[in-house]
Amino acid sequence: LITMWPPARKPMPRLMLHRKMMTPNRRRTSCLLIVRPERHSKNFDWLIGQWERTNEEPGKTTIESWTKNNASEYLGNSFTLQNRDTIWQENVRLKEQNGTWIYEVTQKGDPAPTPFTLTHIGKESFICENKMNAFPKSISYNRNSDIIKAEISGGDTTIPFDFRKVK
């Protein structure tokens with residue numbers, strides 16, 4: 001008996017393959033191979049830094065900055081400038097709460113943050129959703145090198161946000 005990995009504390013999805021094989025001494029035998037799919041840790045350190053939007057309207061500049069508060073909380077701040085005046089601003093808190101990651105958005109004048117629940121995570125990507133919110137219902141981030149492609153969507157509307165790292 002070969003143990004492929006230490007027993008997991010929680011059951012994990014796995015793929016089981018059953019193969020018939022020949023041993024070196026020409027005996028037929030069976031082998032059961034159990035493979036766990038790749039899991040990505042919920043580490044969002046790839047967000048940390050200052051990002052500038054590259055697909056902003058002419059005459060406007062949008063900056064998004066991320067910091068890590070601790071292992072279970074990241075803080076984001078976004079703002080748009082036009083003629084050196086701040087015309088839009090929001091704060092984001094990406095936090096783990098009772099084993100679930102929540103992306104909370106607060107814009108100026110909001111009485112409370114709007115929560116979005118993490119529904120997918122990749123190595124340098126994630127999707128958060130709140131189907132009860134009018135718009136957006138989904139927020140996604142996908143990093144490739146020094147580029148982040150973010151997107152907010154809901155219904156028939158999708159708004160892309162392309163960023164490049166500046167710091």
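A: Let's start with a word you'll need throughout: a residue is buried when its relative accessible area is under 20%, exposed when it is over 50%, and partly exposed in between, using a 1.4 Å probe and protein chains only. Both Tyr103 and Phe126 are buried here, and Phe116 is buried too.

Q: Before we go on, what kind of model is this?
A: It's a predicted model, where local features need pLDDT of at least 70 and side-chain atom pairs count only at pLDDT 80 or more, while totals for chains, interfaces and linings use all residues. Residues are numbered from 1 along each chain as its sequence is written, and side-chain values use heavy atoms, leaving out hydrogens and water.

Q: What does the chain average for pLDDT?
A: pLDDT is the predictor's confidence in each residue, from 0 to 100. The protein chain averages 84, with 75% of the residues scoring at least 70. Over residues 1–22 the value is below 50, and over residues 30–40 it is below 50 as well. Where pLDDT is low, the predicted coordinates should not be read in detail.

Q: In what order do the strands close into a barrel?
A: Strands (E, at least two residues) are DSSP runs, numbered from the N terminus, and two of them pair if DSSP finds at least two bridges between them. In this model 10 strands close into a barrel in the order E3-E4-E5-E6-E7-E8-E9-E10-E11-E12, with antiparallel pairing. From one strand to the next, the twist averages 25 degrees; the axes are lines fitted to C-alpha atoms, and angles run from 0 to 180 degrees between N-to-C directions.

Q: Which residues of the largest nonpolar core touch the most other members?
A: A nonpolar core is a set of buried Ala, Val, Leu, Ile, Met, Phe, Trp, Tyr and Cys residues joined through side-chain atoms within 4.5 Å. The largest one has 23 residues, and those touching the most other members include Tyr103, Phe126 and Trp66.

Q: Is Lys131 buried or exposed?
A: Lys131 counts as exposed, because its relative accessibility is 52%. You'll find Lys131 in the loop between E9 (125–129) and E10 (138–144).

Q: And what does Ser153 touch?
A: Contact means heavy atoms within 4.5 Å. Ser153, in strand E11, is buried at 17%. Not counting residues up to four places away in sequence, Ser153 touches Phe135, Pro136, Lys137, Ser138 and Thr158.

Note on methods: Helices (H or I, at least four residues) and strands (E, at least two) are DSSP runs, numbered from the N terminus.
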